[in-house]
Amino acid sequence: MKVRRIAILTSGGDAPGMNAAIRAAVRVAIAEGFEVFGVLRGYRGLIEGTWRKLELRDVSGVIERGGTMLMTAREPRFRDPDWRKVAYDKLTQGGIDGLIVIGGNGSFKGAYDFFTDFQFPVVCIPATIDNDISGTDYAIGFDTAVNNAISAIDKIRDTASAFERVFVVEVMGRRSGFIALHVGIATGAEVVLIPEIDYPIEKVANDVIEAKRKGKRHVLIIVAEGVASGSSVGDILLKRLEPHGYTDIRVTVLGYIQRGGNPTAFDRLMASRMGAQAVHALARGEAGVMAAFVGQEVVTRKLETAVSGTKKIEPALYELARKLAM
Ligand code: ATP
């Protein structure tokens, strides 16, 4: 059966570029003759039947905005098959026969369950600042988050350098170190701490002492939140460094500023390409797939790839970060 009426939702953590993806999907869908409906607040909106029709002008002026015009939510009920059935009944009663889900790993799991429960045509678009979705080289929002972190750290570093300080910056990344690693390389950090690689605090302390010996005017340590909080790293490190004459370590938690603000050109472009690919996939009759960035192309890949694997950090990049900190 050919899909005619598509619903779109954003779910889980918001990511800059989600709006650009919604816009692209809406416009390409309308151009291809579909009707499109925007579901509010992710899976909660599916369960509660809260959606409205979107026309071309409803997505005007959103490409440059962070956040998501459809709003997002974390909805534990969607993990329960009975509630997914409620959502399925609501969708089919509304005559909707295709679904685009924009979100991260958790949202993809929900989408995959929904697809396997009912064989409902679902296509996902990867959007999470963590960039940790398996099967795609890129998830919308990552480039903006990294750039947001870099511009904040560049400012902090001016002061750190002037006062010859050690400073610890906590960045986002509960389960993965992609943001920390990319930010670490791009800001010239001396140490990058990520969940994937164990790096004991004694070594960090040694790196700080070594850095001073080599004539560095400041030491920047980037820590992904999944390793430990910036303040606990700062406290433990200071205890180890006090015998060496260090009296203070400054800690900054970048927090939500990483997620906010206007998406970069790269995120707008990726979101536009992925939004279009998601609609084309539904038009071709594909289901249970995601738009994926693979080797410079936006293609489709089975959702199983995303839900059954974990994306690994590039060991060569980690090595590069270490090498460049000399
Ligand atoms: P981010 O990576 O930015 O946090 P996310 O999509 O991973 O985004 P989650 O909060 O993990 O965010 O998941 C979003 C929603 O997806 C959950 O609130 C829930 O409704 C649904 N979901 C998550 N995990 C599952 C699962 N295992 N089965 C079914 N639904 C799930």
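Modeller: In helix α9, the buried residues are Asp 267, Met 270, Ala 271, Met 274, Gly 275, Ala 276, Gln 277, Ala 278, Val 279, Ala 281 and Leu 282; buried means under 20% relative accessible area, exposed means over 50%, and partly exposed is anything in between, with a 1.4 Å probe and protein chains only. Here a helix is a DSSP run of H or I with at least four residues and a strand is a run of E with at least two, both numbered from the N terminus. The model is a predicted one, in which local features need pLDDT of at least 70, side-chain atom pairs count only at pLDDT 80 or more, and totals for chains, interfaces and linings use all residues. Residues are numbered from 1 along each chain as its sequence is written, and side-chain values use heavy atoms, with hydrogens and water left out.

Helix α9 covers residues 265–283, and its 19 residues reach 27 Å from the first C-alpha to the last, close to the 27 Å expected at 1.5 Å a residue; that expected span is 1.5 Å times one less than the number of residues. Just after α9, Gly 285 takes a positive phi of about 90°.

Most residues other than glycine have a negative phi. Gln 296 is found in the loop between β10 (289–294) and β11, and it counts as exposed, at 60% relative accessibility.

Both of these strands belong to an open sheet of 7 strands with the order β3-β2-β1-β4-β5-β10-β11 and mixed pairing, where two strands pair if DSSP finds at least two bridges between them. At its edges are β3 (51–53) and β11 (297–302), each of which pairs on one side only, and neighbouring strands are turned by 30° against each other on average, direction ignored. Such angles are taken between N-to-C directions and run from 0 to 180 degrees, the axes being lines fitted to C-alpha atoms, for helices over the stretch in contact.

Within this sheet, β4 (residues 98–103) and β5 (residues 122–126) run parallel and are joined by 5 bridges. Leu 99 has Val 122 in β5 as its bridge partner, while Gly 103 stands opposite Pro 126 of β5. Both faces of β5 are covered, with Val 122, Cys 124 and Pro 126 buried on one side and Val 123 and Ile 125 buried on the other. Because 5 of its 5 residues are buried, β5 is largely enclosed by the rest of the structure. Strand β1 (residues 5–10) is mostly covered, with 5 of its 6 residues buried, and 4 bridges join it in parallel to β2 (residues 35–39).

To place these elements in the whole, the domain assignment gives domain 1 (5–141 + 263–307) and domain 2 (143–260), with bounds that come from an automatic or database assignment. The C-alpha centres of the two domains lie 35 Å apart, and 14 residues of domain 1 are in contact with 11 residues of domain 2, contact meaning heavy atoms within 4.5 Å. Between the domains about 1100 Å² is buried, of which carbon and sulfur atoms give 49%; this buried area is the accessible area, for a 1.4 Å probe, that two parts lose on being put together, summed over both. Ile 129, Asp 130 and Thr 264 supply 44% of the area that domain 1 buries against domain 2, more than any other three residues.

There is also an open sheet of 4 strands, in the order β7-β8-β6-β9, with parallel pairing. Its edge strands, β7 (191–193) and β9 (249–253), each pair on one side only, and its neighbouring strands are turned by 15° on average, direction ignored. Strand β6 (residues 166–171) pairs with β9 over 5 bridges, and Phe 167 stands opposite Arg 250 in β9. Helix α7 (residues 201–213) lies across β6, β7 and β8 (219–224), running at about 155° to β8.
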